[in-house]
Every structure is written in structure tokens, then in C-alpha cells.
Amino acid sequence: MVPTTGSAATYGQDMVNAANLAISEINAAGGVLGKQLASTVGDDACDAQQAVNAASKLASSGVVGIVGGYCSGATLPTLKIYGDAKLPMIIPAANSTKLIPENPGNVFMVNSTGNDQVAKAIEYFNAHNIKSIAIVNQGDAYSQDLADLTKKNWEAAGMKVTSFETTNKGEQDYSSVVTNIKAGSPDAVFWTAYYADGGLLIRQLREQGYQGLIAVGDGSNSPELFKIAGSAAEGVIGFSNPTADFLPEAKAFTEAYQKAYGTAPGPYSTLTYDATKLLAWAFTTAGSTEFDKVVATLQGANFTDTISGPISFTPEKTLARSNFVVLAGKGGAWTLAQ
């Protein structure tokens, strides 16, 4: 379940491609429990209502497990549907902490949560003498959660939030937001939402004279950010899950992906590929697709056949380690920050 239409469709199709690449490799090695795997795609369009419809169709289609969840706001209302249907679910991207208390017990997150991202952001801000920040979100489950967590932890550390802005998805004119931000003279601006709108805000911040640090969350770690923001994205800092560009273990995966799809793998390809391999491993290890056995197997996983790093889970079924890295915009692309 991923967005294959809407503003995040680029991410969604990349995740579909990565899952299907993993499936083709699993099938070539003999499949799972003597059978070949097949996939079916539900389009949630990063929209809660469409996600409910897509999840209901998937849950009644005869599938034995779910890999997916990009937008947290669209993923959240599907959890109960998959729980009621007794389907194990592995989420490669969505990482709002709001997902945790809504987990019916069948959902495992292989991307680190917003808590880990905030810790990485504050670590970076402190190391670069940032004392005050403005925070901008879009009021959805992912971006508001990340914004709220950042504000809470930043102020608890004795630092200052000069403004806390909530914008509308699809907004084109950020003049009033930029004016409010500049009035507070923050050392940094932290955009916690997605790249499609984040690129516009970054461009307008620079055009209207803001000269401080601009940072973005993992919803904006797409190369598409640079197409939208242009030269204004130079020097932007991003907090990101591990991507294929910066993982030595991903070289063979990148080559296979490029050969299969004629393009480079995107930001959530590695985690989706690993999530698909993990689910197949759980079926094989459990010796069954029976729900309770698969969930117990996943809960006890110490899965190392990955390209993004070892996977094991907390009792809350979140990734047991932080996988966030810090990126910097340089020359129209992401690089590892120094």
C-alpha cells in the first residue's frame, strides 16, 4: 500500500519497484514455502479516505501480508483494517509516533520513528550553534507529530522556538509565513512536511531574504526537492533514513534496480526492499503464513540479510535502533553532511 497517484506518487512507484525487485529475487531463489510470490498494489494517494478504501480492498483480496505505508496520515486509519483481517504489516516509510499506540499488534516499523529523527536534528543543531528555530508543518499525522516533538524537546533543552507555523497542503504563496519567520530572526527554519511543498517554501524563504539554516525532515529527502527549490536548496540540511546513494551494501541493489526500471532507486527503495525480504523471511522461518506464528517470528527477528542495516524490534514493534543520517544539499543533489 503506497501512493501511486498524488503529490507523493514518485515515492510510491519507487517503493512498488523495490518490492517487486525483492520479489523477483526471492522467486528466483525458489520462492517461499514452495510457492512463488506475487504482489498487488493498493493506491492510498497519501489520503486517509482513499487509504481506507485501498486497505479494505487489499484485506479482502486474499493477500497474506502487507508491505507499505508512506504518509503517516494515510497509514494510520488502515492499521485496524489490517489488524482485523489478521494480516502482518511491515511499514518501510511512515514513522509518526502516532502510529505506535494505534498498532493492533500486527504492525512493524522498519524506519526509525519521529523520536529518533528529533534526536538527530537536535544533535545537529547543537553541534552547529543553533539557538533558535522556526518550525513549519502541514497539520498531518507525520509533519505535525515531528513538529510537536521537535518543539517539545527543543524547548525542554532551554532553546527557543521563534514561531510555529501550520500551512495547507498545496499552498503556493508562503509570503505571510516567511514574514512571520523573519520577524523572529531564527537561526534555523525546520520544515517537517513533504518535498512537493517544502521546495516552494525554501525558494520563497531565500527569495525574501532569509539567510539562516534551512533544515527538512525525511519527508523531503527526495531529489525532487532540488527541481522545485532550484538553487535555493543549496546548503539545505536533511534528516533522512538510509538511502541507496549512501549505503555501500546497496551497490548490487542499485545496479539491479537501474537495469530493471531505467532509473536510480529513490529514498525509500532500500527500506521497502528490505521490508519485503523480511516478510518473506518471516513466512519461511515460521513455516507458515499463519498470523500468530508470523507476528511472533517478526517480534523476535534479528534479520541481517538487508542493505539498510540489521532489523530487530522493540516491544512496541518499532525499529530497535536509529537509522537516521544527516544530508546536505550540494550542487543540486543530496550528499552526506560533514
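Tyr70 lies in the loop that joins strand E1 (66-67) to helix H3 (72-75); helices (H or I, at least four residues) and strands (E, at least two) are DSSP runs numbered from the N terminus. The model is predicted, so local features need pLDDT of at least 70 and side-chain atom pairs count only at pLDDT 80 or more, while totals for chains, interfaces and linings use all residues. Residues are numbered from 1 along each chain as its sequence is written, and side-chain values use heavy atoms, without hydrogens and water.

Tyr70 is buried, at a relative accessible area of 4% (buried, under 20%; exposed, over 50%; partly exposed in between; 1.4 Å probe, protein chains only). Residues up to four places away in sequence aside, Tyr70 touches residues including Pro3, Met15, Cys46, Ala93 and Tyr268 (contact, heavy atoms within 4.5 Å). The C-alpha atoms of Tyr70 and Ala93 are 4.9 Å apart, although 23 residues separate the two along the chain.

The largest pocket holds about 600 Å³ of space. A pocket is an open set of points on a 1 Å grid over the protein atoms alone, where a 1.4 Å probe fits, with protein on both sides within 12 Å along at least five of seven lines; lining residues have an atom within 4 Å of a point. Helix H1 (9-28), E1 and helix H11 (269-286) each give two or more residues to the lining of the largest pocket.

The second largest pocket has a volume of about 430 Å³. Among its 25 lining residues, Pro223, Ala264, Pro265, Gly266 and Pro267 are closest to the centre. H1 contributes the largest share of this lining, 5 residues.

Terms used. Grid points are joined across faces, edges and corners, and a volume is the space filled by probe spheres set on the points.
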